[in-house]
Each structure stands twice: as structure tokens, then as C-alpha cells.
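Here's a quick briefing to read with the model open beside you.

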Protein chains: 4
Amino acid sequence: MKEGYIGILTSGGDASGMNATIRAITRSAICNGYKVKGIYRGYEGLINDEIRELTTEDVSNIIQRGGTILKTARSKDFETAEGREKAYEVMQKEKIHTLFIIGGDGSLTGARIFAQEYDVPCIGLPGTIDNDLWGTDLTIGYDTALNTIVECVDKIRDTATSHERIFFVEVMGRDAGFLAQNSAIASGAEAAIIPEDQTDTDQLEEFIKRGFRKTKNSSIVIVTESPTGKGANYYAERVKKEYPQYDVRVTILGHLQRGGSPSAGDRILASRLGCAAIQAMMEGQRNVMIGIRNDKVVYVPFAEAIKKNKPIDKSLITVLNELSI
Amino acid sequence: MKEGYIGILTSGGDASGMNATIRAITRSAICNGYKVKGIYRGYEGLINDEIRELTTEDVSNIIQRGGTILKTARSKDFETAEGREKAYEVMQKEKIHTLFIIGGDGSLTGARIFAQEYDVPCIGLPGTIDNDLWGTDLTIGYDTALNTIVECVDKIRDTATSHERIFFVEVMGRDAGFLAQNSAIASGAEAAIIPEDQTDTDQLEEFIKRGFRKTKNSSIVIVTESPTGKGANYYAERVKKEYPQYDVRVTILGHLQRGGSPSAGDRILASRLGCAAIQAMMEGQRNVMIGIRNDKVVYVPFAEAIKKNKPIDKSLITVLNELSI
Amino acid sequence: MKEGYIGILTSGGDASGMNATIRAITRSAICNGYKVKGIYRGYEGLINDEIRELTTEDVSNIIQRGGTILKTARSKDFETAEGREKAYEVMQKEKIHTLFIIGGDGSLTGARIFAQEYDVPCIGLPGTIDNDLWGTDLTIGYDTALNTIVECVDKIRDTATSHERIFFVEVMGRDAGFLAQNSAIASGAEAAIIPEDQTDTDQLEEFIKRGFRKTKNSSIVIVTESPTGKGANYYAERVKKEYPQYDVRVTILGHLQRGGSPSAGDRILASRLGCAAIQAMMEGQRNVMIGIRNDKVVYVPFAEAIKKNKPIDKSLITVLNELSI
Amino acid sequence: MKEGYIGILTSGGDASGMNATIRAITRSAICNGYKVKGIYRGYEGLINDEIRELTTEDVSNIIQRGGTILKTARSKDFETAEGREKAYEVMQKEKIHTLFIIGGDGSLTGARIFAQEYDVPCIGLPGTIDNDLWGTDLTIGYDTALNTIVECVDKIRDTATSHERIFFVEVMGRDAGFLAQNSAIASGAEAAIIPEDQTDTDQLEEFIKRGFRKTKNSSIVIVTESPTGKGANYYAERVKKEYPQYDVRVTILGHLQRGGSPSAGDRILASRLGCAAIQAMMEGQRNVMIGIRNDKVVYVPFAEAIKKNKPIDKSLITVLNELSI
């Protein structure tokens with residue numbers, strides 16, 4: 001067994017597949033002669049020393065579970081210099097030589113700052129349902145969330161069709177439209193309203209005009225949640241006001257998008273990236289996110305991964321438009 | 001083949017298992033020598049003569065589908081004497097001698113009035129997710145909705161546990177707490193707020209006080225939707241105001257509770273009641289709802305079924321309290 | 001806190017909902033002032049003293065999990081007088097005053113003999129997917145298994161319909177046809193072959209003759225597993241031999257029927273019976289199985305519960321025949 | 001509207017997502033000014049002229065359904081020169097100018113021969129759960145089958161863990177190990193036996209030796225079906241004979257792997273490839289399979305696609321070995 005420990009934490013919004021990632025990092029580490037410590041409640045737990053060793057049995061039978069056995073939190077303290085100093089001291093005390101962070105954009109930003117200030121090798125794993133990290137084709141949790149949304153919209157369509165209604169269904173994604181765009185295609189929705197497309201409003205107009213001329217007897221529009229308030233309710237109100245003859249309903253899927261047993265795709269992705277993260281450490285990599293591109297593992301420097309301008313494939317908009325005729 | 005047709009319609013809010021019911025009535029009728037017509041869009045379609053014959057093939061491969069192939073609607077016209085007269089004339093013209101109505105409280109009320117005014121044998125089948133019809137232990141759609149809610153709450157608990165939050169989850173039920181009470185037990189929620197219990201508010205107080213002394217690190221409260229505005233948002237706001245230290249979230253499950261492939265239980269119930277409805281007709285029954293009580297088919301006069309005071313089993317409240325310690 | 005402990009074990013074939021039962025017994029016991037010990041691996045673990053205390057946290061977050069956290073086994077030793085004596089001594093040593101057994105027919109038979117030999121209060125809970133215990137309308141695990149089978153047959157029907165084939169699907173049930181009969185109705189299968197009906201063979205003949213005259217382009221027959229070898233393969237071979245023109249396939253669902261997250265119905269049943277079991281103990285009941293009849297909790301003496309002649313509702317055969325036309 | 005029709009058929013083993021593909025081709029064609037005919041029962045239906053026009057409504061509400069609304073079959077007649085001549089004549093008569101074939105290896109082989117003999121533009125779409133077509137990273141139906149297997153193994157693990165058993169689970173794949181290898185990783189199985197690895201037997205030896213030294217109390221081995229009889233039963237018998245102390249069980253998942261509602265991934269893939277197929281036709285492409293490589297649409301000549309030596313990623317074997325410690 002090698003000296004010291006690797007440390008694993010999950011941070012930010014939880015995503016299904018985080019447990020599969022924890023399992024993969026832990027087992028791959030142990031398999032390669034490292035000892036492992038789990039850090040509870042993200043950076044907050046690192047600062048507060050909520051840490052205990054993880055064995056291969058501790059991660060048994062968790063690959064299929066949603067959430068994260070290590071808990072997660074957003075840490076205000078870690079945004080301060082004092083917090084990060086404390087975190088560094090705890091790492092020394094706990095003999096943690098390398099930190100593995102499973103999380104999204106904010107979590108990797110924290111890791112990047114930490115690694116710049118202290119000589120601490122950090123390795124990130126993309127755990128977010130939003131799929132908005134640059135440099136990786138997929139993030140852990142995205143495929144599960146997509147499937148959950150599609151199953152929900154399938155149910156909503158049963159009732160939409162039975163009643164001949166227009167439904168606006170709001171999904172997560174923050175400032176990224178991957179979930180909305182792809183769930184709209186997969187659920188056979190009539191339109192998607194996504195932040196990447198600045199002409200949202202006109203799209204709605206156009207959808208409404210096209211839609212109302214159509215023989216279709218029900219419509220579903222998927223809307224990305226919006227920090228500025230232009231979510232599903234906003235569009236529903238507009239339609240109700242301008243077209244009072246239509247029966248309009250709203251469903252906001254909310255937090256159920258984060259949980260649930262991970263899909264096969266997310267479990268395989270988590271397993272591959274977890275093993276690759278240990279491999280990266282052994283190769284001396286640091287301050288990189290482990291990603292997947294063209295089905296190959298890649299190392300993405302933190303600075304690039306968090307640029308956040310991962311583009312959506314515009315050809316998918318055409319697919320959606322053609323198929324919702 | 002006998003003279004004339006039986007007519008089937010679905011009315012009111014859709015419920016999973018309505019298609020299984022349509023299939024059962026249709027096939028049992030044909031099996032016993034009757035011809036069948038499907039009436040589209042509920043009473044509205046009866047008035048507007050949106051009717052066509054159903055064969056045994058027309059109901060093939062629908063037992064597993066949510067929604068209703070006959071569509072459903074709420075009909076303002078059928079609430080008027082003119083509307084009902086029109087409906088009666090259409091029935092004569094279409095040679096429909098007996099009407100089978102699949103729906104809830106409002107739909108059966110409509111049938112009752114119609115049957116009082118015209119000499120039309122009506123037979124009702126309890127199709128509603130709310131389980132609020134008197135005289136039947138179960139309604140078609142209830143078991144599926146319950147399972148859907150429980151699956152959603154399982155997902156929400158993954159994220160609630162990971163983040164140590166209080167979630168208020170709003171479910172359907174109108175003025176009946178069956179869905180909330182039973183989904184709370186089945187999902188391991190900490191409390192249910194139901195309309196049958198006039199001390200809701202105090203229950204919340206008590207839950208909060210008990211809950212905050214507990215070692216539990218997350219809580220889920222199931223709340224019945226409320227026409228008077230005391231739904232999940234109301235309780236969440238109260239907790240946020242009085243206990244600002246807690247991270248409170250709301251999820252309103254909405255229409256996805258109605259759809260989806262019916263559970264085994266709902267399919268069997270629908271099949272049994274559908275066959276029993278044809279049997280009832282052959283026995284000369286009229287103006288009754290076909291229900292199930294103690295696992296036996298029963299005939300419930302419309303007047304009784306719509307009394308709407310079906311009691312909730314209070315012993316279940318004790319079960320929930322004991323198990324959420 | 002009261003003196004001593006109650007002991008809980010799961011025995012025989014596992015059933016989904018066993019964990020929900022363990023949780024309910026444990027929490028209801030603690031809520032009423034009792035301490036709880038979990039016995040691992042059924043009677044075998046009782047003999048070998050594989051026992052540890054259970055707290056309310058130990059049963060957190062297990063209501064939704066298949067299998068049993070206490071493991072289960074079939075015990076040869078407990079069938080011997082020496083084994084039972086050893087078991088009794090361990091109970092004394094561990095200060096277990098009442099034994100709660102979750103299991104099926106064989107497990108309750110063991111409990112009955114044990115309780116006759118030693119002055120040990122035993123309370124049984126019906127945990128078996130087969131639904132074959134007399135005196136209770138439902139057993140824990142049955143509803144989940146039924147739903148699992150129906151979901152599988154839904155998938156098989158997709159491919160059966162696409163290919164125009166006859167499928168024989170074998171399900172569990174030992175000498176009881178509840179799963180086969182009810183899953184056949186719920187999945188829209190064409191026939192069920194069940195042990196309760198001595199005329200199986202002729203039924204198949206009749207089905208084949210009827211079936212081949214029909215316009216249906218695919219058929220699914222549900223067959224109960226058979227200790228005497230007349231399972232799905234037997235019937236498939238017969239059809240292949242006598243009607244070589246047909247494309248016949250077999251699927252044996254096997255052990256996946258036992259596992260999976262329990263249905264809402266099974267979780268509620270488990271919760272109610274678990275609480276009722278503690279209530280029964282407090283009332284001084286012993287050597288009874290806690291059952292449900294007409295939606296009310298009942299106490300069934302072991303001797304009655306294991307008579308094993310619980311009848312299947314013959315009216316369901318008519319339902320299946322009418323609906324598979 | 002353009003002259004003539006495009007024709008669509010599904011052929012070979014059905015795969016979930018075929019309906020989504022039919023929908024996408026149909027709607028994209030109509031959207032681009034083409035008329036569409038559906039050919040029933042694959043090449044057999046082409047020969048027998050079982051053909052009718054498809055409108056955009058005909059493919060409504062099928063994106064979520066397993067199986068294929070066009071049915072599928074394996075055609076002996078199409079393997080003969082006479083059969084193909086007949087097929088060509090029917091195409092002329094039905095004014096079908098381009099043929100779209102959704103299927104696997106055998107179906108594309110048929111298309112290739114047909115296109116060599118007659119001047120008929122053929123465009124293939126990879127529809128098979130086996131993922132064994134060269135030139136495309138994914139085939140339609142593979143992701144759904146993978147998820148179905150993983151859900152089944154999750155259930156089996158519940159009972160495996162409860163009983164401390166070794167399970168051999170047999171999955172489809174013919175001569176390709178994609179399903180076995182990836183489902184083993186995703187379900188946390190202990191080993192996979194795949195045809196690509198000539199050292200199967202030794203792997204089992206090694207697994208058994210490693211496995212039996214381990215502290216693990218249950219094991220699941222995923223085995224690819226084998227035309228030569230070395231499937232799950234073969235391995236189970238070997239273990240039973242050599243290690244009689246172990247409780248060994250077998251589950252053969254069978255045809256339920258083909259059906260079920262397609263996953264989000266398969267629906268998106270089907271939608272993209274369907275639209276791309278019409279695009280390819282408009283660009284004058286012929287006798288190519290539409291595939292996806294590195295998330296981009298590619299055209300793969302039939303001759304390449306059916307070479308059948310698509311390699312499995314050997315790094316995944318390492319992932320499985322590390323994670324099953």
C-alpha cells in the first residue's frame with residue numbers, strides 16, 4: 001500500500017451516477033495500491049474534517065443508487081481564503097495527497113482556485129445533469145436526467161392527447177439547453193425553448209402559428225428553466241392571453257430530474273471516468289477534468305472545462321422541426 | 001348478434017386504466033353477442049355525434065396504454081337540458097341502447113341526471129386517480145397514480161438526502177387525501193397533509209417541532225393539492241419564514257400523475273369491472289356504478305357513489321406517524 | 001425501554017417488500033418502547049447467533065429496496081430437534097423474548113413447530129411472491145412480482161407482435177396460479193396454465209384450436225412453473241410437434257421476479273402488517289400470522305395459514321377467456 | 001409533392017427504436033416533399049405487395065413504442081433470385097423509387113445483393129440490439145436493450161445478495177459481446193464472458209479462483225448467448241460440478257431484451273439517423289448505411305458495414321476487472 005490517501009468529494013447539485021463514480025474511483029485506487037478517504041458534504045466537509053476511510057465494501061451495491069453517499073453541499077466558506085486554508089490544513093492532517101472532485105462548473109472552479117493557491121493535485125470528474133462542461137461530450141447524470149424527463153413527458157402526453165391540450169413542461173439545464181433540446185426530440189414534443197437560441201420568443205410565435213394551423217390535437221413544448229423568469233409559466237401565460245381559446249397547462253419537473261437509479265449509459269461513463277481518473281493520477285496529471293470525447297478518455301485543463309460555452313448541435317433543431325410536423 | 005349497440009364514453013379527468021376498461025367492456029360485450037360503439041370526447045362527443053363502431057381488433061394492444069383512445073373532455077353543454085336532449089336524440093339515431101360511462105364523480109353525476117330525465121340505462125365505471133368514489137374500495141387509475149408518485153418521491157429522496165433538505169411534494173386528490181396519505185406511507189415520507197384532517201396546520205407545527213429535534217437529515221412532506229391555495233407552496237413559505245435556517249424546496253407533480261402505463265392492479269381491476277358491467281347489463285341493472293368491495297364486484301346506485309364522503313382509514317395515520325420516527 | 005429484545009428474521013425465498021416489513025416492525029417496536037435485534041440468514045443465523053441490534057437509523061432508506069438486509073436462507077438445521085434447541089438457547093442468550101418471522105409457507109411451518117416445542121411467542125408475516133398463504137388476501141411481494149411480470153410480458157408482446165409468434169412465458173408460483181392467472185389478465189395474454197385447474201392439458205388444446213382460428217397474429221401463454229416438468233418448455237414442445245407451422249418461443253422469467261423496488265401496494269401492506277405485528281404482540285397474541293382480509297388486519301393461527309389450499313377466484317378465468325377473444 | 005414514393009421496411013430481429021426510425025424517415029420525407037409507403041413484414045411483404053401509404057398521422061404517437069408497426073420477418077424468398085425479381089416488380093408497380101431498410105447485418109446483406117442486381121437506390125439504417133455493425137458507434141435498439149438488461153440484473157442482484165448465490169445471466173448479442181461486456185460494467189457484475197475473448201474458459205477459471213477467495217457474498221456473471229452451446233447453462237454446470245458447495249442459478253433473459261419503450265438515447269439516435277437518411281437520398285447517396293461516428297452522421301457503404309468485425313474496446317475489460325474486486 002502506498003503512503004497517504006486519495007480523497008474523494010461530491011459537490012454542487014447532485015447527479016445520478018455520482019455513487020457509481022465514487023465506487024469506480026475507490027475500487028480502481030485500491031486495486032492500484034492506494035488508500036481512499038471519503039469527504040462528506042463537499043468542500044464544507046473538507047473544511048470541517050468530515051472524513052473517513054472508504055473500503056471496497058463501503059462502495060458495494062451503490063452503483064445502482066441515485067444521490068451520493070458522500071452527501072453534497074454548496075460551500076460559502078470555500079469561497080474565502082480562510083476556508084481554503086483550513087481545507088488545506090485538513091488535507092495535511094488527514095494525509096490526503098490527491099483530491100478527486102465530482103461535480104459541475106462551480107465545483108471545478110473551486111478546485112481550480114484551490115490548486116492555484118496550494119500545491120495540491122486536483123482531478124475533476126464531470127458530475128452534472130446539465131451536460132454544460134466544455135471538453136467532454138457527456139457529463140455524468142445527463143443521460144439519466146434525459147431519460148427521466150422523457151418518461152415524464154410520455155406520461156404527460158397520455159393526458160395531453162386525451163384532453164387535447166397544450167402543455168409547457170419546464171426542465172433543468174440552467175443556461176444550457178441540452179436537456180430541453182434532446183428531451184424534446186426524444187419525447188416527440190412539438191418545440192423546445194432553449195437559452196442558446198436568442199430568438200426564443202419568435203420561435204414561440206412561429207410555433208404557435210404553425211401549431212394552430214396543424215391538425216395535431218395536442219402540443220407539448222419543453223422549456224429550459226430560466227433564472228430571468230422566462231420559464232414555462234411565462235410562456236403559458238402568454239399563450240393563454242393571446243389565444244384564450246386554448247387549454248394550456250404547465251408542469252415543472254423540478255428535483256425529480258436529479259435522482260433515481262442511473263441509466264446504463266451513466267453507470268458505464270462513471271465507471272470509465274473513475275478508473276481513468278486514477279490512471280491520470282498515476283501518470284502525474286493534475287488540475288484536469290477527466291472527460292470523454294469521441295468515446296475516448298481525455299484530460300481537460302480546469303480552465304478550459306469551465307469556460308461554459310459548450311455549443312449545442314444546431315442540426316438537432318432541424319431534426320426537431322422536421323419531426324414535429 | 002343482438003339489435004342495436006352499447007355505447008362507451010370516457011369523461012372528466014383521464015386516468016390510467018381507462019383503455020383497459022374500454023377493452024374489457026368492448027370484448028366482453030362482443031363475446032356476449034352485443035355490438036359496440038365508441039363515443040369520442042365524453043358527453044361532448046355524444047351531443048356532437050362523434051361516434052364509431054368498435055371491434056375487438058380496435059381494442060387490441062391498448063391494455064398497457066395510458067390515457068384514453070376515446071379522448072375525454074368536460075362538457076358544459078351536457079349540463080344544460082338542451083344538451084342532454086341532443087344527446088338522447090343522438091343515442092336514438094345511433095341505436096345505442098345502453099350507455100357505459102367511465103369517469104369520476106362529475107361524470108357519474110351527469111349520468112344520473114341524464115338517466116332520470118330519459119329512459120336510458122346507464123352503467124358507470126369508477127375511473128379516477130383520486131379514489132374518492134363511495135361504495136368501491138378502489139377506483140381505476142388510483143393504483144397507477146400511487147405508484148407514479150412513489151417513484152417520483154424515491155427520486156426526490158435521493159436528492160433530498162444528498163443535500164439535507166425539506167421537500168414539500170404536492171400530489172393530486174382534490175378533496176380526498178388517499179393519494180397523499182398512502183404515497184407518504186409508501187415512500188417513507190415524514191408527514192402527509194390531507195384535507196380529511198381538519199388539524200392540518202397543527203399537524204405541520206407538530207411535524208416541524210418533532211422533525212427538528214430528530215436526527216434525520218432530510219424530510220419529505222406530501223401535501224394534497226388544495227383549491228383554496230393551501231398546497232405545497234403555502235406550507236413551504238410558512239416553514240421558510242419561521243425557520244429560515246432550513247433549505248426548503250417544492251415539487252408539484254402535476255399531470256404526470258394521470259398518465260403512464262397502468263399498473264398490474266389497475267389493469268386487473270379494469271378488466272374485472274369491464275366484464276362485470278356487461279354482466280350487470282344482462283341482468284337488467286341500470287343507473288349503477290360497478291365497484292369492488294372486499295374483492296367482490298358490487299353494484300352501487302349512482303346516488304350513493306357520488307355522495308363523496310368516502311372516509312380515509314384513520315389507522316393509516318398512526319402507521320405513518322410510527323414509521324416516520 | 002422494556003426489558004429484552006424482539007428478534008426479526010427473514011426466511012425462505014426472498015420477496016420484495018421484506019425490507020419495508022423489517023423497517024415497519026423495527027420502528028413500530030422502538031416507537032412503543034421495545035428494543036430490536038436483527039437475525040441474519042433466517043433460522044440458520046438464529047442457530048449460529050448471527051445477530052445484532054437494529055436502530056431506527058439502521059432501517060432508514062430501505063423501504064424502497066428489494067431483497068432483505070437481513071439476508072435469507074433455507075435452514076436444514078432448523079428442521080432437526082438439535083437445531084431448534086440451539087436456536088432456543090441463542091434466543092435466551094440474546095434476550096430475545098418474541099420472534100418475528102417474515103416468510104412463506106415453509107418459514108411459518110418452522111415457526112409453528114418451534115413454538116410448539118418451546119415457550120417462545122412467534123409472530124409471522126406473510127412474505128412470499130406466490131400469494132399462497134391461506135387467511136390473508138395478499139402476501140408481501142406478490143404485487144411487485146405481478147408488476148414485474150407484466151412489464152416483462154409487455155416487452156415480449158412488442159416482439160411477439162412484430163414477429164407474429166406464439167410465446168410461452170413461465171412464471172413463479174410453485175403450486176399456486178395467482179401470479180400466472182393475474183399476470184395473464186393484466187398483460188392481455190391469450191391464456192394461463194395454472195396448477196389449480198386440473199384440465200390444463202385440455203385447456204391448451206382448446207386454446208390452440210380457438211387460437212388458430214382467430215385473426216390474432218400473435219399469442220402469449222403464461223405458464224406456472226412446475227415441479228413435475230410441465231412448464232413452458234413442455235407446452236412449447238407440444239405445440240411445435242403438433243403444429244410445426246408455428247413460430248414458438250419460450251421465456252422463463254426466473255429470479256428477476258423476486259427482486260426490484262417494491263410497488264406502492266407492497267410497501268403499504270408491509271408497513272401496515274409490520275405495525276400490526278407489534279400491536280399483536282402487545283395484545284398478547286402469539287403463534288399467529290398477521291394477514292389482511294377485506295382491507296382489515298387479521299390474526300391467522302399458523303396451523304390455518306399453512307394449510308396451503310387458498311383458492312383462486314374462478315371468475316377470473318372467465319374474465320381472461322372473454323378478454324382474449 | 002414529388003413523383004413516386006419512398007418505401008420503408010423493417011427486417012430481421014426487432015429492436016426498440018424501430019418505430020422512432022419509421023416516424024423520423026416518414027416525417028422528414030414528407031417535410032421535404034416526398035410521399036411514403038410502408039412495406040409490411042420486411043422483404044417478405046415487399047415480395048407479397050403488403051404495402052400501404054404512410055401519412056404523418058400514421059406515425060403519430062409511436063416514438064415511445066417498442067416493436068415495429070411495420071412488423072418484421074426473416075424472408076427465405078428474398079434469398080432467391082426469383083424472390084428479388086418479384087420484389088423489384090412490386091417496387092415498380094407501387095412506384096417506390098428508393099428503399100429504406102431498418103435492420104441488422106442480414107437485412108443489409110439482402111439490400112446489398114438486391115442493389116447490385118437491380119438499379120434500386122437502397123439506404124440502410126442500423127436497427128439491431130447487438131451493436132455489431134461496423135462503421136457506426138451505435139445501433140438503434142442497443143441502448144434500450146442495455147438498460148433493460150441492467151434493470152433485470154439489478155433485480156437479480158437483490159435476490160443474489162439476499163441468498164449469497166452465484167448467478168449466470170445470459171444475454172443476447174450473437175457473436176458480439178457489446179451487451180454482455182457493458183451490462184456487466186453497468187450492473188456491477190463480477191465478470192462477463194464474451195465471444196471476442198478467446199480465453200473465455202480460462203477467464204472463468206480465473207474468476208472462480210479469484211471469486212472464491214474474495215469476501216464477496218454473491219456473484220453475477222454475464223454470459224453472451226452462444227450458438228455453440230457455451231451459454232449460461234454450460235458455465236453453471238461446470239461450476240456446479242467442480243465446486244458443489246456453491247449455490248448456482250441461471251437466468252436466460254431472452255426476448256424481453258428486444259422490446260419495451262426505447263430509451264432517450266435510442267429515440268434521439270433514431271430521429272437523427274432517420275432525418276439523415278432522407279438527406280442522404282436527396283444528396284444522391286445510395287447503397288449506404290447511415291451511421292453515427294463521433295457524434296456525427298456518416299455514410300457507410302453496405303460492403304463495409306456488414307464486415308462484422310467491429311471490435312470491442314478492450315480497455316473496458318480492465319474497467320470491469322478493476323471494479324469487481
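What follows covers one chain as a whole, then a handful of sites and packing spots.

This is a predicted model, where local features need pLDDT of at least 70, side-chain atom pairs count only at pLDDT 80 or more, and totals for chains, interfaces and linings use all residues. Residues are numbered from 1 along each chain as its sequence is written, chains are lettered from A and ligands numbered from 1 in the order in which they are written, and side-chain values use heavy atoms, with hydrogens and water left out.

**Chain A as a whole**

- Chain A has eleven helices and eleven strands; helices (H or I, at least four residues) and strands (E, at least two) are DSSP runs, numbered from the N terminus.
- With a radius of gyration of 22 Å, close to the 20 Å from the globule rule for 325 residues, chain A is as compact as a globular protein of that length. The radius is taken over C-alpha atoms, and the rule is 2.2 Å times the number of residues to the power 0.38.
- The C-alpha trace of chain A spans about 70 × 35 × 30 Å along its principal axes.
- Of the 325 residues in chain A, 65% count as buried. Buried means under 20% relative accessible area, exposed means over 50%, and partly exposed is in between, using a 1.4 Å probe and protein chains only.
- Take the contacts in chain A between residues at least 6 apart in sequence: 75% of them join residues at least 24 apart. A contact here means heavy atoms within 4.5 Å.
- The accessible surface of chain A is about 11200 Å², and 48% of that belongs to carbon and sulfur atoms. These areas come from the Shrake-Rupley method with a 1.4 Å probe, and for residues only the protein chains shown count as cover.
- On charge, chain A carries 40 positive and 44 negative side chains, with the centres of the two sets 2 Å apart. Lys and Arg count as positive and Asp and Glu as negative, while His and the chain ends are not counted; each charge is placed at NZ of Lys, CZ of Arg, CG of Asp or CD of Glu.

**Annotated sites in chain A**

- An unreviewed UniProt entry puts a "binding site" at Asp105(A). UniProt positions are given in the numbering used here, feature names are shortened, and annotations may be inferred rather than shown by experiment.
- Asp105(A) sits in helix H4 (residues 105–117) of chain A, and it counts as buried because its relative accessible area is 11%.
- UniProt (unreviewed entry) also has an "active site" annotation covering Asp130(A).
- You'll find Asp130(A) in the loop between strand S5 (122–126) and helix H5 (142–163) of chain A. At 5% relative accessible area, Asp130(A) is buried.
- Beyond its neighbours within four places in sequence, Asp130(A) is in contact with Met172(A), Gly173(A), Arg174(A), Ala176(A), Phe178(A) and Leu179(A).

**Where chains meet**

- Ser271(C) is in helix H9 (residues 264–282) of chain C, and its 0% relative accessibility is why it counts as buried.
- Setting aside neighbours within four places in sequence, Ser271(C) is in contact with Ile185(B), Val319(B), Leu323(B), Ala24(C) and Ile63(C).
- Ser271(C) and Thr21(C) are 250 residues apart in sequence, yet 6.0 Å apart in space, C-alpha to C-alpha.
- Helix H11 (residues 315–323) of chain D has buried residues Leu316(D), Ile317(D), Val319(D), Leu320(D), Glu322(D) and Leu323(D).
- Those buried residues of H11(D) pack against helix H1 (18–31) and helix H9 (264–282) of chain A, along with helix H6 (178–187) and strand S7 (191–193) of chain D.

**Loop residues**

- Tyr40(A) is in the loop between strand S2 (35–39) and helix H2 (42–47) of chain A, and is buried at 15% relative accessible area.
- Tyr40(A) and Leu70(A) are 30 residues apart in sequence and 4.7 Å apart in space, C-alpha to C-alpha.
- Asp58(B) is in the loop between strand S3 (51–54) and helix H3 (81–93) of chain B, and is partly exposed at 30% relative accessible area.
- Not counting residues up to four places away in sequence, Asp58(B) touches Arg52(B), Glu53(B) and Ile69(B).
- Asn61(A) isn't a glycine, but has a positive phi of about 60°. Most residues other than glycine have a negative phi.
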